[in-house]
Amino acid sequence: MADAADILDLPLARAAERVRAGHVTSVQLTEAAIARAEATQRLGNAFVEIFADRALAQAEMLDRDLRRGQCYGPLHGIPLAHKDCLERIGKPMRVGSVVTDDLPGTASATVLTRLAAAGAVDLGRLHLNEMVAGPTGQNPHLGDCRNAWDPARISGGSSSGSAVAVASGAVFGALGSDTGGSTRLPAAMNGLFGLKGSYGRVSRAGCFPRAFSLDCVGPMARTAEDCALLLGAIAGPDPRDPSTLDAPVPDYVARLADAADGSRLAVLADTGEVHPDIAVALDRVLRVAADIFGPVQRHAFPALATCYAMGDVISKVEAATLHGAWMAERGEHYSQAVFSRTEPGLHIPAPRYLEALLLRAKVLQRFLDETMQGCDVLICPTMPVPTPTRVEADMEQGERVFPVVAALTRLTRPFSYLGVPVLTMPAGLDGNGMPIGLQLIGRPLGEARLLALAHRLTPLIGWSCSPSQTALARAGAGMS
């Protein structure tokens, strides 16, 4: 038998191969994952709850069935964990808040049901910004979730624990939710691949909303192949969520070999000011991409700031609609940051909200016809600034932190408004030794191309996905 602790550092796809081949059991892998989660929890604070007994019972059943010749799928026996905004039978969903009721779930989110059907083990509930609101991973009720590479820096949010648990090697993959960057930002800050699929590609049934017109559930993992595995397990129409798209689900893993062939690439020309380290990383990736796919064009997107503003209107109004009664009755239980970012939605005029909704299709069509003309994938930084420290980004500072928050989401929120698929991929390290992320933006239902492009580029830029690079994993193993 292989050492399960070493297998934790492998990509999901390679670990799954070892489980199926009998080189390691799901129980051994789950025990190692629990030990890693517990060892890194003090410093990283990624977990709200570790399901030790429940996960081991799942793993024992999966091992028993595998011995009988029954393999449930490509995730058989693999420990995962997920953002605590997804309902689970028998477990509470607190959404990082003290406002919601602490009641056990009576049904599980569709995405969790689908992962279980593919053989995944559910290791626990993961940290998040309060009420899925915020890009920093800081939560006054749960404490800060700390970056896996440098605990003095923010983890990103709101899917903070998802990124840190994966980057530190406690689990092989995790689900997050993304309204304006909440999967992509923490993935980028922790050196991961994170996917916000096309709006409606993945069911949101059983997922606590921030803004129902924008929200997307998606995977984070250490490789594009692992994201493809996870997306394949969760994508597709769902009767419980009428907004899901009735479209076939490709074999995303099989398409890694060819979906990027012939891709025409462009770089977003009007990103505004970008930190020099990030600009250097972007230029390096573009040179590598040009060697394979030909010249990379520069395409403008004049409506970038407009899309940001309209996405912000929709997010605030829809969040305020959900939280209005709670804020009136239990306002003292909200943090200053979440209350102050949600309450303005109660005062935005209805015509402005409806205008943002009505213009969405027109702006998307213009984006596809003009910015994406002659282009299959648009590339830009995930963030234009390096990962801030936790002090710099403290959401409880009031107005002083608003520019920091705005900078973090400046290049993610516009594409949430458009509803197009976006994959963030790691592109190197900045001068602080922190990961840099780049966004690959595609046409609707173009996830296969994005995953294949990232899969092809990653080895050529020399990126490694091992958790042993991160401070949390080294601390959990007692290494200096």
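Predicted model: local features only at pLDDT ≥ 70, side-chain atom pairs only at ≥ 80, totals over all residues.
View 1. As a reminder, a disulfide is a covalent bond that links the sulfur atoms of two cysteines. Take cysteine 85 as an example: its closest cysteine sulfur belongs to cysteine 207 and lies 4.0 Å away. A pair has to be within 2.5 Å to be counted, so the sulfur of cysteine 207 is too far from that of cysteine 85 for a bond. Cysteine 85 is also buried, with a relative accessible area of 2%.

**View 2**

**View 3. Strand β6 and its two partners.** Follow strand β6 through residues 216-221, and you will find that six of its six residues are buried. Strand β4, made of residues 173-178, runs antiparallel to β6, and six bridges join the two. Within this pairing, glycine 176 stands opposite glycine 218 of β6. Strand β5, residues 193-196, also pairs with β6 in the antiparallel sense, here over two bridges. To find this pairing, look for glycine 194, whose bridge partner in β6 is methionine 220.

**View 4. The largest cavity.** The structure contains five cavities of 30 Å³ or more, and the largest has a volume of about 170 Å³. Its lining is made up of 17 residues, and those closest to the centre are Ala133, Gly134, Ser315, Arg341 and Arg413. Which helix gives the most to this lining? Helix α10, spanning residues 304-330, does, with three residues.

**View 5. The largest pocket.** Now turn to the largest pocket, which has a volume of about 230 Å³. A set of 15 residues lines this pocket, and Glu87, Met93, Asp101, Leu103 and Gly105 lie nearest its centre. How do the residues of the pocket lining divide into nonpolar, polar and charged? Eight are nonpolar, three are polar and four are charged.

How values were computed
Residues numbered from 1 in each chain as written. Heavy atoms only, no water. 1 Å grid on protein atoms, 1.4 Å probe; cavity = no way out; pocket = protein on both sides within 12 Å on 5 of 7 lines; lining within 4 Å. Points joined across faces, edges and corners; volume = space filled by probe spheres on them. Helix = DSSP H or I, 4+ residues; strand = E, 2+ residues; numbered from the N terminus. Buried < 20%, exposed > 50% of the residue type's maximum accessible area, 1.4 Å probe, protein only. Pairing = 2+ DSSP bridges. Nonpolar A, V, L, I, M, F, W, Y, C, P; charged D, E, K, R; others polar.
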